[in-house]
Amino acid sequence: MSKKTLIPIGPYHPLQEEPELFKLYCDGEIVKDIKWETGYNHRGIEKLSESKTYEQVFFLVERVCGICSTSHPFAFANAVEEIAGVEITDRAKYIRTIIGELERIHSHLLWVGLAGHFLGYNTVFMWAWKYREPVLDLFEMITGNRNSYAMFKVGGVRRDIENNKMDAIRKAMSDLRKKLDLLTGAVMDDPVIHARTKGVGILTKQDIIDYAAVGPTARASGVAIDVRMDDPYAAYPLVNWKVITAETGDVFAKAEVRLLEMFESVTIIEQCIDKLEKLKEGEITVKVKEIPEGIGTGRAEAPRGEVFHCVVSDGSNSPARHKIRAPSYVNIATFRKSCIGQTIADATISLAAVDPCYCCTERMAAVYDVSTGKKIMNARELIESSEKSTREQREKLINRK
Amino acid sequence: MDTNTIIEQFKKRFSSEILEVTVKSPKRASITVRPEKIVSISEYLYKKAELRFIIASALHTRKGFEIHYHFSKDAVGLILNIHVILDKINPQIESLSNMFNASNWIEREMHELLGIDFINHPNQEKLISEGNWAEGVYPYRKEFK
């Protein structure tokens, strides 16, 4: 056997947002084998969930992932509501859908930016993240948070989207559509991006079926699966939209699917807003007295693919068992198919093409001055400062002409 | 193929292996089967009925160790749970990873966290706690404090 060079990417590497270790065994420039190590941030969330009440679990599962922080509460709510046999109000359905789609837009923009960064094409990175910012501002206006929105509960949502906010959302969506046009054109017509991503990291239809990959990763290989269409939940059956697919299965196809999906998300949000305005404000929850004994399976289409939650209830006020399957769990495993045989430079973008998410967020409570060790702000002051900024943000967006 | 046809055909083919069938709604069904036949059952679902393996959830209960294999028929939005109950003392079941790669990691994880043995697994190493967790201590078992 010829001698191979080991090139580690990780566990802590500036290219990756989160800790994991890819061991690339290379012969010259070509990747011959690849191994993956994880568990650096395993937090035992499934076990932790068994010690929390159903209301508390929402805040816990929101922290499974920092980027798609609403897809886990979405799937969990679907699972619990299946056990309890609850039908939520139309207004709650539309609000849930709006939050889910806004999240898809900001997550896809984040990925487009990072993909540009991985390719060494930082203009795309700057553009995509600049256009992502107004979406986060909308989140702050609607929920009070730029991320981890705390919107979901059993039987509905925690906050309403009042009618005076609709114009601000509508305006943001029409602005965003123009910017997405610009960005899509820039990415899809760029010869450098074509050269770096076409024919790279190909996953065939059979690979997708073998690894049971989901989301844009599957759709880019021509497997048209999307939970929103196949097993519709919330307001998805009440609005018109289409599933985006591509056939080639390379990195370019994955970018194409994500870019075009954002336009669908904008369309969905616009329809939801129109319908929301006609409904009575405030009807956002139904009362759920208890969760009976049983097993519930809920799923939601996160930006990265199908999130799956299985909740087993023993009739008490906390889950007896809670299994969470994030989409990256099945998508990351495809790296053996997409990276082996590629050059090292292409392996990084092939790894990034599934939009891997290793699920970590950290919580900050106090800010210290590094040189003196003195506390600058405590938790209460931080919260007050954040609330003040949200109020200002809200006024700015609502009063914008 | 709709949900009823899938379940009826399954019942016809594996009538002697089925212990219980629960159809909750047109999109959710659960079938309890004998664990010995899990490979031929999964092979039928994966290759013949063309269902997608979503994931498996393992539990430690009074009955012993239970695994729900979740399969999805995306064209009709069906989630089909194949439920098996394993031995209390020595939980083991045949691995599905030689048939499809999708179950490789989850079987390693169930082995690591609950101590269920997957026979003929291609590589039953630890997935998440390699080198920093004691051997033979299973954190997702009920007796673990």
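**View 1. Helices α6(A) and α11(A) cross in a left-handed sense.** The handedness is left-handed if the near helix is turned anticlockwise from the far one by less than a right angle, and right-handed if clockwise. This is a predicted model, in which local features need pLDDT of at least 70, side-chain atom pairs count only at pLDDT 80 or more, and totals for chains, interfaces and linings use all residues. Residues are numbered from 1 along each chain as its sequence is written, while chains are lettered from A and ligands numbered from 1 in the order in which they are written. Helix α6 spans residues 166–188 of chain A and helix α11 residues 251–278 of chain A; they pack at about 165° with their axes 10 Å apart. The pair is therefore roughly antiparallel (angles under 35 degrees count as roughly parallel, over 145 as roughly antiparallel, 65 to 115 as roughly perpendicular and the rest as oblique). Axes here are lines fitted to C-alpha atoms, for helices over the stretch in contact, with angles running from 0 to 180 degrees between N-to-C directions. Helices (H or I, at least four residues) and strands (E, at least two) are DSSP runs, numbered from the N terminus. On the α6(A) side, look for A:Met166, A:Ile169, A:Arg170, A:Met173, A:Leu176, A:Arg177, A:Leu180, A:Thr184, A:Val187 and A:Met188. Their partners in α11(A) are A:Ala255, A:Glu256, A:Leu259, A:Met262, A:Phe263, A:Val266, A:Ile269, A:Glu270, A:Ile273 and A:Glu277. Two residues are in contact if their C-beta atoms, placed from the backbone, lie within 7 Å. By class, this contact has 14 nonpolar, one polar and five charged residues (Ala, Val, Leu, Ile, Met, Phe, Trp, Tyr, Cys and Pro count as nonpolar, Asp, Glu, Lys and Arg as charged, and the others, Gly among them, as polar).

**View 2. Helix α6(A) also meets α5(A), and the crossing is left-handed.** The two axes come within 11 Å and cross at roughly 165°, which means that α5(A) is roughly antiparallel to α6(A). From α5(A) come A:Val124, A:Trp127, A:Ala128, A:Tyr131, A:Pro134, A:Leu138 and A:Met141. From α6(A), the contact uses A:Ala168, A:Ile169, A:Ala172, A:Asp175, A:Leu176, A:Lys179, A:Leu183 and A:Val187. The tally is 13 nonpolar, no polar and two charged residues.

**View 3. Helices α2(A) and α3(A) pass each other in a right-handed crossing.** Helix α2 (residues 54–62) and helix α3 (residues 71–84) of chain A have axes that come within 8 Å and cross at roughly 150°. They are therefore roughly antiparallel. In α2(A), A:Tyr54, A:Val57, A:Phe58, A:Val61 and A:Glu62 meet A:His72, A:Pro73, A:Phe76 and A:Val80 of α3(A). Seven of these residues are nonpolar, one is polar and one is charged.

**View 4. Chain A divides into domain 1 (45–353) and domain 2 (367–398).** These bounds come from an automatic or database domain assignment. Taken over C-alpha atoms, the domain centres are 29 Å apart. Domain 1 gives seven residues to the contact and domain 2 gives five. Helix α5 (residues 122–143) provides three residues, the largest share of the domain 1 side. That side has two nonpolar, two polar and three charged residues.

**View 5. Chain A and chain B each bring 22 residues to their contact.** On chain A, the elements that give two or more residues are α8 (205–211), β7 (305–313), β8 (321–325) and α12 (327–331). The chain A side includes nine nonpolar, four polar and nine charged residues.

**View 6. The two chains, element by element.** Chain A has 15 helices and 10 strands, and its C-alpha trace spans about 65 × 55 × 55 Å along its principal axes. With 401 residues, a compact globule would have a radius of gyration near 21 Å, and the 22 Å of chain A agrees (this radius is taken over C-alpha atoms, and the globule rule is 2.2 Å times the number of residues to the power 0.38). Chain B has three helices and seven strands, in the order α-β-β-α-β-β-β-β-α-β along the sequence. The radius of gyration of chain B is 16 Å, close to the 15 Å given by the rule for 145 residues, so chain B is as compact as a globular protein of that length. The C-alpha trace of chain B spans about 45 × 30 × 25 Å along its principal axes.
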